[in-house]
Amino acid sequence: MINWQIVSETLPFFLDGLWITLLLLALSISAGLVLSIPLSVARASANPWIRIPVWSYTYVIRGTPLLVQLFIIYYGLPQFEAIRESAIWPVLRSPWFCAWLAFTLNTTAYTTEMFAGAIRATPAGEIEAARAIGLGRLQVLRDVFWPGAWRRALPQYCNEVVQMMHATALASTVTIVEILRVARDVYTNYLVLPESFGIAAAFYLTLTIILTQTFRLLERHYLRHLDPRASVSKAAAAEPIHA
Amino acid sequence: MRFMTACSVMTFLLGTSVAYADTLRIGVEGNYPPFSQVAADGKLSGFDIEIAEALCAKMQVTCEMVQQEWDGMIPALNAKKFDVIVASMSITDKRKQVVDFSDPYYDVPSRFVAKDGAFAGYSPEDLKGKTIIVLRNSPRAEYIAANYPDSETLLVDKETAVYLELAAGRGDIGFGSSVVSGESFLKQPEGKGFAQVGEAIYLTDSTDGGVGIALRKGEDKLKGDINTALATVMKDGTYKSISAKYFDFNIMPKSAQP
């Protein structure tokens, strides 16, 4: 059974690790979100000179494992003397920056494709209708196009955030002490499984539940019009149905 | 009758699987040149590997090498993924609480490695605020934590990463086995401009003399057989011819030297 003595001894380390995991996730997801909005517009563009460079970027990143990308940035780049003597070296020297860069590049590629798909799926009629009632170009973008695309992308975006949270475990390979690294140290030092990887799994699972529930709230807010129960009256919905 | 046959087959199978008599599985690491390394074709070589093979020959058992990352070495031993660890594991009091060790099979000091002439001295004062790179969960990491509290540490997963990170410039000074840095890193092009610096340090506080073969607690018969084989290998010249392939100095533990 679980040795609670070890759990209470190592819990402070796990909480430090949790903080690092959350920080890594927040920094890469927020940078990825900001970058992928303009990139997704470019990706959905009709102009091949704009579309193809973005497509190549997402294709390469989505076609290679994140761990390989992380190793290329962390171990590969410092092999070049020119990089070690350049102005970016002080930041590239830090394992933190390397992990953040790899995670951001990765999540940006996936999110860009997701958003571009949502943009392409915008019905032409929706835009035509908005123009027909006299909305200007900017108003159409702000009030019709973006809210629609965001709603369509939201359920998939939740998956991306959860997957990215799990992917932060890869940072343990470049000396960053996040949840998995703490678990591996506990495993090595105490030689126990439930109290090391078991606890790590519990942390990841709890984070997943919190993230998906947060997104469920967001979806309930933004996707109300798709919920069949939202269209019936509150009283009718509360009435239990007996077959 | 068939039941009886089944029972005797079972007894036979159980009987042979409990004894190590036919195959001894040896946990090795592969990231600790020249003691243990993996060639591009996946072949293991190194001092640890050859000593393990020599012991197997003396004990007249077939051996199977199982490669395992350093982190999970002792857990994997206790989970019976293999029967002994021959992976340059220092004998420490902490480890002796969970595994047994054979007699030491070699003993080498630890050394700092840095850019030649980068530091005036190597006392805790001199290295204050500097980043020391060291293998995590190792006696050397404990030594640094205890003696260099005012220095930063970069704790890496494998011994080779100490020098990889040092060459990449992610730390100011590395601390590792004098043999690993001397034989693998400093003789490579990446090691140009670096040197072993400061005194040779024997971690006498935390070890009782060198590197041993780890086995699960209570396997006294196996431990006895290994110690006998080790003593033979050290006496009959096998040890000397193996170590001459890798080192131009004596790495035999002082206790075993004639």
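This is a predicted model: local features need pLDDT of at least 70, side-chain atom pairs count only at pLDDT 80 or more; totals for chains, interfaces and linings use all residues.

Biologist: What are the ipTM and pTM of the model, and which stretch of chain B has pLDDT below 50?

Modeller: The model scores ipTM 0.71 and pTM 0.78. For chain B the mean pLDDT is 87, with 89% of residues at 70 or more. The stretch below 50 has 1 contact in the model beyond near neighbours in sequence. That stretch of chain B is residues 13–19.

Biologist: Of the contacts in chain B between residues at least 6 apart in sequence, what percentage join residues at least 24 apart?

Modeller: Chain B has 258 residues, of which 38% count as buried. Its secondary structure consists of 9 helices and 13 strands. Among the contacts you describe, the share joining residues at least 24 apart is 70%.

Biologist: Which strands of chain B each supply at least two residues to the side of domain 1 that touches domain 2?

Modeller: The domain assignment of chain B gives domain 1 as 2–107 + 209–256 and domain 2 as 110–201. Taken over C-alpha atoms, the domain centres of chain B are 28 Å apart, and 11 residues of domain 1 are in contact with 10 residues of domain 2. By class, the side of domain 1 of chain B that touches domain 2 has 7 nonpolar, 3 polar and 1 charged residues. The strands of chain B that each supply at least two residues to that side are β2 (31–32) and β6 (84–92).

Biologist: Are α2 and α8 of chain B roughly parallel or roughly perpendicular to each other?

Modeller: Helix α2 (residues 47–59) and helix α8 (residues 220–235) of chain B pack with their axes 9 Å apart, at an angle of about 105 degrees. Residues in the contact include L55(B) and M59(B) from α2(B), and I226(B) and L230(B) from α8(B). By class, the residues of this contact of α2(B) with α8(B) are 7 nonpolar, 1 polar and 2 charged. Because angles of 65 to 115 degrees count as such, α2(B) and α8(B) are roughly perpendicular.

Biologist: How are α8 and α10 of chain A oriented, and what is the class make-up of their contact?

Modeller: Helix α8 (residues 137–167) and helix α10 (residues 194–222) of chain A have axes 10 Å apart and pack at an angle of about 170 degrees. An angle over 145 degrees counts as roughly antiparallel, so α8(A) is roughly antiparallel to α10(A). Among the residues making the contact are R151(A) and L154(A) of α8(A), with Y204(A) and E219(A) of α10(A). The contact of α8(A) with α10(A) has 12 nonpolar, 3 polar and 2 charged residues.

Biologist: Why does F97(A) count as partly exposed?

Modeller: F97(A) lies in helix α6 (residues 95–120) of chain A, and its contacts, not counting residues up to four places away in sequence, are V91(A) and L92(A). A residue is buried at 20 or more C-beta neighbours within 10 Å and exposed at 12 or fewer. F97(A) has 15 such neighbours, so F97(A) counts as partly exposed.

Biologist: Which helix of chain A gives the largest share of the side that touches chain B?

Modeller: The contact takes 11 residues from chain A and 13 residues from chain B. By class, the side of chain A that touches chain B has 4 nonpolar, 3 polar and 4 charged residues. The largest share of that side is 5 residues, and these come from chain A's helix α9 (residues 179–190).

Key: Residues are numbered from 1 along each chain as its sequence is written. Chains are lettered from A and ligands numbered from 1 in the order in which they are written. Axes are lines fitted to C-alpha atoms, for helices over the stretch in contact, and angles run from 0 to 180 degrees between N-to-C directions. Helices (H or I, at least four residues) and strands (E, at least two) are DSSP runs, numbered from the N terminus. Angles under 35 degrees count as roughly parallel, over 145 as roughly antiparallel, 65 to 115 as roughly perpendicular and the rest as oblique. Two residues are in contact if their C-beta atoms, placed from the backbone, lie within 7 Å. Ala, Val, Leu, Ile, Met, Phe, Trp, Tyr, Cys and Pro count as nonpolar, Asp, Glu, Lys and Arg as charged, and the others, Gly among them, as polar. Domain bounds come from an automatic or database domain assignment. pLDDT is the predictor's confidence in each residue, from 0 to 100.
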